[in-house]
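Colleague: Could you walk me through this model? I would like to take it a piece at a time.

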Amino acid sequence: MEIPYAVHPRPDTGIYNAKVGIWLFLASEVMLFGGLFSGYVLLRVGADQWPHGWLNVTLGTANTIILALSAITTLLAWVACKVGQFGKFKFFHACTLLLALSFLCIKGYEYHDKLIHYEIKLTDGRIADGHRIASDADSVTIEGRYVTDESQLYDLRAQKNIPRDEIKIPRSQIKSMENYGPWHNTYLALYFTLTGLHALHILGGSIVIGYLWGPGRRLWKTDPQHFTNRVEVSGLFWHFVDLVWIFLFPVLYLT
Amino acid sequence: MSESHPVDFNSYLRRCLFVFIAAVCAVSLMIWASYLPQDHFSWPLKVALILIVACCNALVVAGFLMHLISEKKMVYTVLGFTVFFFAGLLALTVWAMHDFPAGTTH
């Protein structure tokens with residue numbers, strides 16, 4: 001049985017069914033991210049101190065530009081289908097996939113950077129903060145600095161030229177040691193939750209785009225209009241993912 | 001985008017160039033605003049400024065790349081409901097401001 005209105009617009013809505021479906025899905029996605037953003041606002045307003053400058057703005061900016069470019073290549077892939085230039089479609093969708101992969105690689109690097117960053121509380125009351133270089137049964141070596149109070153670690157933007165030295169700490173002097181994972185504090189819990197969910201959306205979108213670029217492109221030969229509609233629907237999802245990042249970047253990296 | 005509209009590749013290319021330049025300008029503006037001196041611009045003011053720019057950037061992307069400037073009534077209806085419930089969600093958050101969970105230190 002043929003699915004009705006998969007290609008031509010339904011008379012009462014004026015659009016084909018898959019497009020109604022994706023907009024309803026995106027509406028539910030807005031509520032999903034809206035709930036998380038609300039949680040962010042609530043927790044941030046309730047916090048006495050909030051970290052600034054903990055994330056690499058250069059990498060965040062690079063990812064923003066990468067996603068903006070990928071949104072454009074997605075649109076151009078759809079336009080190429082519309083004008084019947086399948087070669088251009090393949091090129092632009094390949095670009096989208098490469099850009100998505102670049103985004104995920106940068107995000108992975110950022111996660112790794114946070115997971116090897118440690119805050120080590122010492123028995124003499126000082127705190128050693130920095131990236132772990134090496135560790136063995138007797139000592140931990142980090143590239144970082146000592147601070148006397150945890151509050152000195154919050155606003156890194158206000159501190160110019162933070163010294164970074166190689167520090168070897170005997171394990172006998174360590175009171176507690178924790179990396180900058182989502183368990184470290186509220187800010188990082190929000191950072192990992194929001195960006196992790198967003199990265200999952202990037203991954204899901206990439207799988208769909210990869211399918212349309214690979215095995216799914218057979219439909220182009222039998223029903224090009226149906227295929228073009230599929231490209232448009234996947235593109236709408238991709239633009240939504242870009243829209244979410246447009247807010248995630250300033251909220252987490254800049255403020 | 002209306003299914004019946006003819007499509008011109010070059011006009012879309014120009015549109016994309018405009019959106020990309022707008023996005024780069026918006027990102028630059030947001031970064032600049034975030035580095036404004038703390039003694040003259042408080043964090044709430046900077047956050048407000050940055051979010052206004054982000055909203056403008058989002059409107060450009062949604063309007064031109066998602067074709068929301070020329071969509072069907074059905075899509076606007078779905079979006080209308082979404083905006084209503086999203087605003088309600090944020091309003092509930094603001095309403096609950098004086099009742100936030102204790103112990104969220106940072």
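This is a predicted model: local features need pLDDT of at least 70, side-chain atom pairs count only at pLDDT 80 or more; totals for chains, interfaces and linings use all residues.

Colleague: Start with chain B. How many helices and strands does chain B have?

Modeller: Chain B has three helices and zero strands. Helices (H or I, at least four residues) and strands (E, at least two) are DSSP runs, numbered from the N terminus.

Colleague: What share of chain B is buried?

Modeller: Of its 106 residues, 16% are buried. A residue is buried if 20 or more other C-beta atoms lie within 10 Å of its own, exposed if 12 or fewer, and partly exposed in between, with C-beta atoms placed from the backbone.

Colleague: Which residues of H2(B) are buried?

Modeller: They are B:Ile50, B:Val53, B:Ala54, B:Asn57, B:Val61 and B:Leu65. Their cover includes H1 of chain B, and also H2 and H6 of chain A.

Colleague: What span should H2(B) have?

Modeller: At 1.5 Å a residue, its 23 residues should span 33 Å, and the end C-alpha atoms are 32 Å apart, which agrees. The expected span is 1.5 Å times one less than the number of residues. After H2(B) comes B:His67, with a positive phi near 60°.

Colleague: Now the two chains. How many residues of each are in contact?

Modeller: 45 residues of chain B are in contact with 49 residues of chain A. In contact means that the C-beta atoms of two residues, placed from the backbone, lie within 7 Å. Helices H1 (9-34), H2 (43-65) and H3 (73-95) of chain B each supply at least two residues of the side that touches chain A.

Colleague: What is that side made of, by class?

Modeller: The side of chain B that touches chain A has 33 nonpolar, eight polar and four charged residues. Ala, Val, Leu, Ile, Met, Phe, Trp, Tyr, Cys and Pro count as nonpolar, Asp, Glu, Lys and Arg as charged, and the others, Gly among them, as polar.

Colleague: And the core? Which element gives the most to it?

Modeller: H6(A) gives the most, with 16 residues. The largest nonpolar core has 61 residues, and A:Ala71 and B:Met30 are among the members that touch the most others. Such a core is a set of buried Ala, Val, Leu, Ile, Met, Phe, Trp, Tyr and Cys residues joined through C-beta atoms within 7 Å.

Colleague: What does A:Ala71 contact?

Modeller: Apart from neighbours within four places in sequence, A:Ala71 is in contact with A:Trp238, A:His239, A:Asp242, B:Val61 and B:Leu65.

Colleague: Why does A:Ser70 count as buried?

Modeller: Because A:Ser70 has 27 C-beta neighbours inside 10 Å. A:Ser70 lies in helix H2 of chain A.

Colleague: Last topic, the sheet. What is the strand order?

Modeller: The order is E4-E3-E2-E1-E5 in chain A, an open sheet of five strands with antiparallel pairing. Strands pair if DSSP finds at least two bridges between them. The edge strands, E4 (165-170) and E5 (174-179) of chain A, each pair on one side only.

Colleague: How many bridges join E3 and E4(A)?

Modeller: Strand E3 (residues 139-147) of chain A pairs with E4(A) over six bridges. In E4(A), A:Ile167 is the bridge partner of A:Ile142.

How values were computed
Residues are numbered from 1 along each chain as its sequence is written. Chains are lettered from A and ligands numbered from 1 in the order in which they are written.
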